[in-house]
Amino acid sequence: MNAMSAASELNERFGLPGTAVVVEGNNGHTAVRVTTPQADAEIYLLGGQVTRWKPPGFGEVLWLSGHSNYTVGKAIRGGVPVCFPWFGARAGDPRAPSHGFVRTREWRLESIARTGDGISVAVVTTNDSSSQLLWPAEFELRLRAIFGSQLTLQFELTNTGEKAIEAEAALHAYFTVGDVRETLIQGLDQTEYLDKTDSNSRKMQSCDIRISSETDRVYLDTEREIEIHDPVLKRRVRIAKQRSRNTVVWNPWIEKAHSLADFGDNEWQHMVCVEPANVGSNVINVAPREQRTMTVRIAAALL
Ligand code: TA6
């Protein structure tokens, strides 16, 4: 079945005419496009990845590279990749895909529904023979995106097997900024972090975060709300989270951006990642038949 027929078949089953349409997106990959008075938004079945969210009166809040791949086996560069069941490089397995394997596979569209002032889109992925070659667990992972005047992302992991699951998880959100060099990231003052640009050394954040070089930090044991203060776009973006004990902040800066084929040479200036996560010592443990969730709420406001 080609992507158009897959998209049109799914649109028949799940589409809400004039509001939420299942379409053939980039490179023939199936996406759900939401158009309502509260938000324009998009989520791809590839990676279960939210790629756009634009509330009225604001430009795009999420960032997407203009050089992104839309191919199975590669993560879409931008939006909100789902990192699971490990974050970054897999300990002891240099050949394993970075950030786990769910962000590079097709997920299943489970539902599209009106909820409150928004549209809820749920996508699901489960273990299969290919995942079990990498990671033997049995699981069901659902991402529920609620596209309204706020963007709510619910990560729902269920252990469908008979053995306990231990996994890392992150919602690796990319945000658009006017100029990252003028942007302040507020909310992590006096929070310890591991500095991945300095041999993972443990440091203490003093004041707001300013980006003036490659920045790659895993903030520890924090559930605080983060605010991206953007004087160029004259807006602030609030990221509130529940049941997430880490926050990762990343900007590749010049050299790292140049080294990434799916990152335009100057795109680093217009993005920053703020990633609710549970990684390292905050790895999540799920007993058989149990469920673990992580929720993120994103809102934009004028400065
Ligand atoms: O979240 C920050 C990070 O772990 C960085 O170290 C950088 O690797 C980034 O993720 C992007 O990773 P990716 O595999 O998507 O290129």
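The largest pocket in this predicted model holds about 580 Å³ of space. A pocket here is an open set of points on a 1 Å grid over the protein atoms alone, where a 1.4 Å probe fits, with protein on both sides within 12 Å along at least five of seven lines; lining residues have an atom within 4 Å of a point. Grid points are joined across faces, edges and corners, and a volume is the space filled by probe spheres set on the points. Of the 24 lining residues of the largest pocket, Arg77, Ser98, His99, Arg103 and Leu260 come closest to its centre.

The second largest pocket has 14 lining residues, with Glu168, Leu194, Val218, Val279 and Gly280 nearest its centre.

| Pocket | Volume | Lining by class |
|---|---|---|
| Largest | about 580 Å³ | 9 nonpolar, 7 polar and 8 charged residues |

Now to the cysteines. The whole structure has 0 disulfides, a disulfide being a pair of cysteine sulfur atoms within 2.5 Å. For Cys83, the nearest cysteine sulfur belongs to Cys273, 9.2 Å away, and that is too far for a bond. Cys83 is buried at 0% relative accessibility, and Cys273 is buried with a relative accessible area of 0%; buried means under 20% relative accessible area (1.4 Å probe, protein chains only).

Residues are numbered from 1 along each chain as its sequence is written, and side-chain values use heavy atoms, without hydrogens and water. Local features need pLDDT of at least 70 and side-chain atom pairs count only at pLDDT 80 or more, while totals for chains, interfaces and linings use all residues.

Methods
Buried < 20%, exposed > 50% of the residue type's maximum accessible area, 1.4 Å probe, protein only. Nonpolar A, V, L, I, M, F, W, Y, C, P; charged D, E, K, R; others polar.
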